[in-house]
Amino acid sequence: MLPIGLGLGAIGAQLSGLTLSRVHNEDAGSAAGLFNTAMQSGTTLGLAMASFVFFNHAPAGSHGTTVTTAFAGSIWYVITALTAMRALMFTLTEPIKVPDRR
């Protein structure tokens with residue numbers, strides 16, 4: 001669980017700052033709500049995909065090493081996705097300061 005926590009911590013704080021810095025002040029509330037919805041939807045989709053991989057390796061009623069092997073197999077998909085997301089964040093440009101609408 002340590003790699004997942006480190007991966008989410010390395011991505012979460014910077015992603016919201018990069019995303020919401022490009023929004024006008026008047027639209028900040030709507031943008032934050034939409035951003036939060038997208039984050040929750042992405043987390044749900046990621047969990048569903050990791051569960052799919054896990055339960056393909058460990059059918060219902062499995063015990064012992066089967067479950068351990070299934071967890072080890074599915075955790076690499078999660079770590080790979082978090083690493084790819086972190087790498088893609090470096091390709092983003094500096095936050096654009098949007099001029100006020102006055």
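Helices (H or I, at least four residues) and strands (E, at least two) are DSSP runs, numbered from the N terminus.

**Figure 1. Overview of the predicted protein model.** The protein has three helices and zero strands, and its elements follow the order α-α-α from the N terminus. Residues are numbered from 1 along each chain as its sequence is written. Because this is a predicted model, local features need pLDDT of at least 70, side-chain atom pairs count only at pLDDT 80 or more, and totals for chains, interfaces and linings use all residues; side-chain values use heavy atoms, with hydrogens and water left out. The pLDDT is the predictor's confidence in each residue, from 0 to 100. The protein averages a pLDDT of 78, and 88% of the residues score at least 70. Confidence is lowest in helix α1 (residues 2-20), at a mean of 75, and highest in helix α2 (residues 28-57), at 85. Where pLDDT is low, the predicted coordinates should not be read in detail. Buried residues (under 20% relative accessible area; exposed means over 50%, and partly exposed in between, with a 1.4 Å probe and protein chains only) make up 17% of the 102 residues. Among contacts (heavy atoms within 4.5 Å) with a separation of 6 or more, 68% join residues 24 or more positions apart.

Figure 2. Helix α1 has 19 residues and reaches 28 Å from its first C-alpha to its last. This is close to the 27 Å expected at 1.5 Å a residue, where the expected span is 1.5 Å times one less than the number of residues. In α1, the residues I4, G7, I11 and L18 are buried, and what covers the buried residues of this helix includes α3. Q14 also belongs to helix α1; Q14 counts as partly exposed because its relative accessible area is 37%. Leaving aside neighbours within four places in sequence, Q14 is in contact with R86 and M89. Q14 and M89 are 75 residues apart in sequence, yet their C-alpha atoms are 8.5 Å apart in space.

Figure 3. Helix α3 (residues 65-89) has 25 residues and spans 36 Å from its first C-alpha to its last, close to the 36 Å expected. A70, S74, I75, I79, L82 and M89 are buried in α3, and their cover includes α1 and α2. W76 is placed in helix α3, and W76 counts as exposed because its relative accessibility is 56%. The C-alpha atoms of W76 and A50 are separated by 9.4 Å, although the two are 26 residues apart along the chain.

Figure 4. On a 1 Å grid over the protein atoms alone, a pocket is an open set of points where a 1.4 Å probe fits, with protein on both sides within 12 Å along at least five of seven lines; lining residues have an atom within 4 Å of a point. The largest pocket has a volume of about 830 Å³, a volume being the space filled by probe spheres set on the points, which are joined across faces, edges and corners. The lining has 27 residues, of which G42, T43, G46, L47 and V78 lie nearest the centre of the pocket. Helices α1, α2 and α3 each supply at least two residues of this lining, and α2 gives the most, with 13 residues.
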